Amino acid sequence: MGSQPLVSCMKGCFLIFNFVFWLTGLALLIIGILTKFAFNDIMKLSTDINYNLGPYIMIGCGVFIVLIGFVGCWAAVKEHSWALKIYMFVLIVIFIIEMIGAITGYAFRNKLKKGLEKGLRNAVDNYKTDKDLKEGLDKIQAKVKCCGVNSYKDFFNSSASNSTVKSVPKTCCKNQGSPDCHYKDLNGFTPDKMGIHTHGCYNELLDQAKGKFLLIGGVALGIALFQILGVVCAYILTKQFKSSYEQM
């Protein structure tokens, strides 16, 4: 019976850990949802990169962690070693999936530079003919305060441009409601008198996307490593349950 206080202590520690672990699953779920919205505009411009994959992995892992957290608490309270073993197995599987997600995210960072430029270029070229690309590019230009891929002149060289009238989308305007924005016809105006953003979206959008990938990847990796601690705690607890039952 001397091991019973130790079992109770371990059980209490595991329940506290599992509650924190449950919160990390909820956090991962929220981060996955926010990530999907954060890259929503880029997704519309994407040509060869599936930006949905990373967020969906995080959302899926978050849901599983929340569910398995309840299983862990139930197994500890009822002292079911078999349920804790299932708990450990699921955590290891989720950890492997998260590592795959982290590797995928790193691979996306390497492909991001080429894919983002290609997507922006495609949106500029098909701005007047593709509604989804137009909507995505307009949101990016209004949010990032930029125009075109590398500069506003990209719209002059696009396949949809008019050779005689140099125009850009209204979302290139510094102030879209101002009459001083000459986005419909820029002929005869110097860059400082056009009333538009003259720098392109590519570099700034690339920096923002890389920063988000690093932040999201760091948080996801931290949560994944935290799961290893959960596996260790569950393993120790199963040993304590076994030892307690043998002494009864």
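## Exercises on aromatic pairs and a helix

In this predicted model, Phe70 is exposed, with a relative accessible area of 52%.

**Exercise 1.** Classify Trp22 as buried, partly exposed or exposed.

Solution. Buried means under 20% relative accessible area and exposed means over 50%. Trp22 has 22% relative accessibility, so Trp22 counts as partly exposed.

**Exercise 2.** State how many aromatic pairs the structure holds, and describe the pair of Trp22 and Phe70.

Solution. The structure holds 3 aromatic pairs. In one of them, the ring centres of Trp22 and Phe70 are 5.9 Å apart and the planes stand at 65 degrees. Planes over 60 degrees apart count as edge-to-face, so this pair is edge-to-face. Trp22 belongs to helix α1 (residues 4-38) and Phe70 to helix α3 (residues 53-78), so the pair ties together parts 48 residues apart in sequence.

**Exercise 3.** Check the span of helix α5 (residues 131-144).

Solution. The expected span is 1.5 Å times one less than the number of residues. For the 14 residues of α5 this should give 20 Å, and the end C-alpha atoms are 20 Å apart, which agrees. At the start of α5, a side-chain oxygen of Asp130 comes within 3.1 Å of the backbone nitrogen of Asp132. Just after α5, Lys145 has a positive phi of about 65 degrees.

Definitions and conventions:
Residues are numbered from 1 along each chain as its sequence is written. This is a predicted model: local features need pLDDT of at least 70, side-chain atom pairs count only at pLDDT 80 or more; totals for chains, interfaces and linings use all residues. Side-chain values use heavy atoms; hydrogens and water are left out. Helices (H or I, at least four residues) and strands (E, at least two) are DSSP runs, numbered from the N terminus. A polar contact is a pair of N or O atoms within 3.5 Å; within protein, one must be able to donate a hydrogen and the other to accept it, and residues adjacent in sequence count only if both atoms are side-chain atoms. Rings of Phe, Tyr and Trp (its six-membered ring) pair if their centres lie within 6.5 Å; planes under 30 degrees apart count as stacked, over 60 as edge-to-face and the rest as tilted. Buried means under 20% relative accessible area, exposed over 50%, partly exposed in between (1.4 Å probe, protein chains only).
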